[in-house]
Amino acid sequence: MDKQQIIKYQSNFDKIVHFINSEDKSEQVEVWFARELQILLGYARWENFIIAIHRAVDSCKTQNVNIDDHFREVTKMVELGSGAKREVTDFMLTRYACYLIAQNGDPKKEEIAFAQSYFAIQTRKTELIEERIKLLSRLETREKLRTAEKQLSQNIYERGVDDKGFGRIRSKGDTALFGGHTTEDMKERLGVKTNRPLADFLPTLTIAAKNLATEMTNYNVEEKDLFGEQPITVEHIQNNKTVREMLGKRGIKPEELPPAEDIKKLERRVASDEKSIEKTTRKLPPKKHN
């Protein structure tokens with residue numbers, strides 16, 4: 001997602017924010033209405049979007065947060081194509097409620113990925129949203145690599161390769177990807193401790209490259225029904241070489257890219273941010289009873 005796309009999404013989401021008075025009328029509370037949010041999050045049908053809302057409500061309950069502080073069912077009149085009007089159900093939502101809804105959406109959708117950061121940041125400055133989107137992208141890419149490597153480990157274990165063999169295969173793949181530099185060489189170059197995974201300190205592009213090569217190996221191990229350490233090693237080396245050649249055509253050498261921030265620090269930062277979202281969100285005023 002480039003900066004222009006982020007600015008476009010931000011403008012659209014800013015346009016649907018509403019303000020109501022807090023209980024003591026001392027401050028303004030930001031609120032969004034679900035039927036307006038539904039459109040921006042790419043849901044064509046209310047029936048599908050209401051499922052995401054209910055999941056968000058359940059998530060709110062799980063965290064022992066009062067749902068009435070963040071979700072308020074309301075009714076409104078809408079005009080039909082014929083010019084007639086009818087009453088429909090809607091929800092008034094706080095920033096925290098919108099965040100939970102985005103968290104329960106499909107992150108592969110660009111609108112959802114944007115919303116997860118938009119509602120997580122209180123000030124919602126474009127630069128901060130852009131930074132958080134990149135951060136989440138790196139975390140997501142790292143998790144994909146973990147999954148692919150776990151699958152590879154399972155695949156080759158079933159084909160006569162033990163844990164030590166898996167380590168050798170993965171190491172030789174790294175050597176191919178990094179132009180002859182071993183995993184240990186790259187750790188030394190990037191200042192990574194020997195007991196930490198190299199991938200935790202690689203930039204998103206390099207993690208994605210390792211993941212692509214690993215997924216290719218997974219596919220061909222099964223498709224070609226490879227058995228034993230030697231043929232699987234050859235396959236993994238070739239896949240890493242292929243990915244390296246592809247990057248090289250675009251002037252990119254993986255071994256020359258600078259290190260990125262420790263993934264573990266980013267995971268702790270995101271977890272901390274998520275805990276503070278509810279605390280920093282202004283709550284809905286209590287319901288008025290007739």
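**Salt bridges and a helix pair in a predicted model**

A salt bridge joins E47 to R45, with the closest N and O atoms 3.5 Å apart, the term denoting a side-chain nitrogen of Lys or Arg within 4 Å of a carboxyl oxygen of Asp or Glu. The structure is a predicted model, in which local features need pLDDT of at least 70 and side-chain atom pairs count only at pLDDT 80 or more, whereas totals for chains, interfaces and linings use all residues. Residues are numbered from 1 along each chain as its sequence is written, and side-chain values use heavy atoms, with hydrogens and water left out.

E47 has a relative accessibility of 45% and therefore counts as partly exposed, and R45, at 46%, likewise counts as partly exposed; here buried means under 20% relative accessible area, exposed means over 50%, and partly exposed lies in between (1.4 Å probe, protein chains only). Across the whole structure, a search finds 19 salt bridges.

Another salt bridge is formed by the side chains of D200 and R142, at an N to O distance of 2.7 Å. This pair links distant parts of the chain, since D200 lies in the loop between α8 (183-190) and α9 (204-223) and R142 in helix α6 (residues 126-157), 58 residues apart. Both D200 and R142 are buried.

R159 and D225 also form a salt bridge, their closest N and O atoms being 3.7 Å apart. Distant parts of the chain are again linked, with R159 in the loop between α6 and α7 (163-177) and D225 in the loop between α9 and α10 (229-248), 66 residues apart. R159 counts as buried because its relative accessibility is 12%, whereas D225, at 55%, counts as exposed. Salt bridges that share partners join R142, R196, D200 and D262 into one network.

Turning to helix packing, helix α1 (residues 3-15) and helix α5 (residues 110-118) pack at an angle of about 70 degrees, with their axes 11 Å apart. Helices are DSSP runs (H or I, at least four residues), numbered from the N terminus, and axes are lines fitted to C-alpha atoms over the stretch in contact, with angles running from 0 to 180 degrees between N-to-C directions. The two helices α1 and α5 are therefore roughly perpendicular to each other, a label given to angles of 65 to 115 degrees. Their contact (heavy atoms within 4.5 Å) is made by Q5, I6, Y9, Q10, F13 and D14 of α1 together with E110, E111, F114, A115 and Y118 of α5.

Terms used: Angles under 35 degrees count as roughly parallel, over 145 as roughly antiparallel, 65 to 115 as roughly perpendicular and the rest as oblique.
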